[in-house]
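This report describes selected parts of one structure. Please look at the sequence and the model before reading on.

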Amino acid sequence: MLSLDQVNTHSMRVLLRVDFNVPLKNGCVEDHARIQACLPTIRKLLDDGAALMLMSHLGRPKEGKFDPELSLQPVAKSLSAALGQDVPLASNWLEGVSVSPGQAVMLENVRFLAGEQANDAALARQMAALCDVFVYDAFATAHRAQASTYGVMQQVPLAIAGPLLLAEVRALTKVLEAPAHPVVAIVGGAKVSSKLTILESLLARVDQLIVGGGIANTFLKAQGFAVGNSLCEPALAPAAEKLLATAAGQGKSIPLPTDVVCGKDFREDTPAEVKAISDVAADDMILDVGPETAKHYAALCRKAATIFWNGPLGVFEFAPFAAGSRVLAAAVAESTAFSIAGGGDTLSAIAKFGVGERISYISTAGGAMLEFVEGKQLPAIAALEASATRGFCS
């Protein structure tokens, strides 16, 4: 992939695809992390004299329809404050955008455009016509073949990988291709079905694979434990059992909870009770790992040389059921391992427990991160590589 250091963008019209899919509250940006992460890229392009247009999606509006609740106006306002210069929002931008070298314009939510998610070729051509150079710096969307993330790169003269994307790829490649051992992976989530292939892929690379949330409940079910009313996929118990057998056969481990924190209802105010895994009642919901299990997982993390973390251990949003994820987060932060963490819930947990500065690399991606680790070819990465080949050939 070509990088910004290899291309002169002075006086060029640059279309920059970013990931500003940020949470909003009362019409304001609630979490500025994704905006802050992209500021070095934006400042470099502006300092280099590019006429800059920023493109992003926000939320899930009905495609082709304007939704004022999902307008990027609050993002443009936040970005203006961060840069110390006005970044206006362009509402009707497909026919052309007025922007001068050293200036930036925020383009309205790409998902307001019909054909965005279907990768409509005509829409991609209109996007490409806006610029001389396309810069892709939104790794979190790299697994989607959409008009603004893939189709546009088929049409532009030159597509370049942004610094954030290159950093993501380097960090994930380090975990995949040459990790220091022992390697510990933590994968939480609601369903085994949504992460079965990533669990299989990781098991080939790690020494310990810690599972959390509803995923752990399915593994417990496979071992013959009762999980009560907990989130679980009984139909996937054979797949979980097969993974456990594979791990044992390879001298690896998938440690499962020995104690858990239960409640009768999925509510923050439901009474929490620590129980041995063998004592879970028919009307219990497992909402966190217990203190003994959390201590064991933390010890594994402190001994690790590489840690991959995607997903909390329990319902950390509820205070009575946050301890397991808190202990794990602290252990990852305290470890001397190279640690990479990503996914929306993981980022929220990192922010809640204040350990971000002690994680080696925090990925902005969830689905793209998992597909990359699975070994899948991400459409946006493939398009960037193809563009680089065209550029070198010409």
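At what angle do the axes of helix α6 and helix α8 cross?

## Basis of the model

This is a predicted model, in which local features need pLDDT of at least 70 and side-chain atom pairs count only at pLDDT 80 or more, while totals for chains, interfaces and linings use all residues. Residues are numbered from 1 along each chain as its sequence is written, and side-chain values use heavy atoms, with hydrogens and water left out.

## Helices α6 and α8

The axes of α6 (residues 196-203) and α8 (residues 237-249) cross at roughly 5° and come within 11 Å. Axes here are lines fitted to C-alpha atoms, for helices over the stretch in contact, with angles from 0 to 180 degrees between N-to-C directions. The two helices are therefore roughly parallel to each other (angles under 35 degrees).

On the α6 side, L196, L199, E200 and L203 meet A239, L243, T246 and A247 of α8; contact means heavy atoms within 4.5 Å. The residues of this contact comprise 6 nonpolar, 1 polar and 1 charged.

Strand β4 (residues 51-55) is mostly covered, with 5 of its 5 residues buried (under 20% relative accessible area, 1.4 Å probe, protein chains only). A51, M53 and M55 lie on one side and L52 and L54 on the other, and both faces are covered.

Strand β1 (residues 13-17) runs parallel to β4 and is joined to it by 5 bridges; V14 has L52 as its bridge partner. Strand β6 (residues 104-107) also runs parallel to β4, with 3 bridges between them. Here L52 stands opposite A104. Strands pair if DSSP finds at least two bridges between them.

Terms used. Helix = DSSP H or I, 4+ residues; strand = E, 2+ residues; numbered from the N terminus. Parallel < 35°, antiparallel > 145°, perpendicular 65-115°, else oblique. Nonpolar A, V, L, I, M, F, W, Y, C, P; charged D, E, K, R; others polar. Buried < 20%, exposed > 50% of the residue type's maximum accessible area, 1.4 Å probe, protein only.
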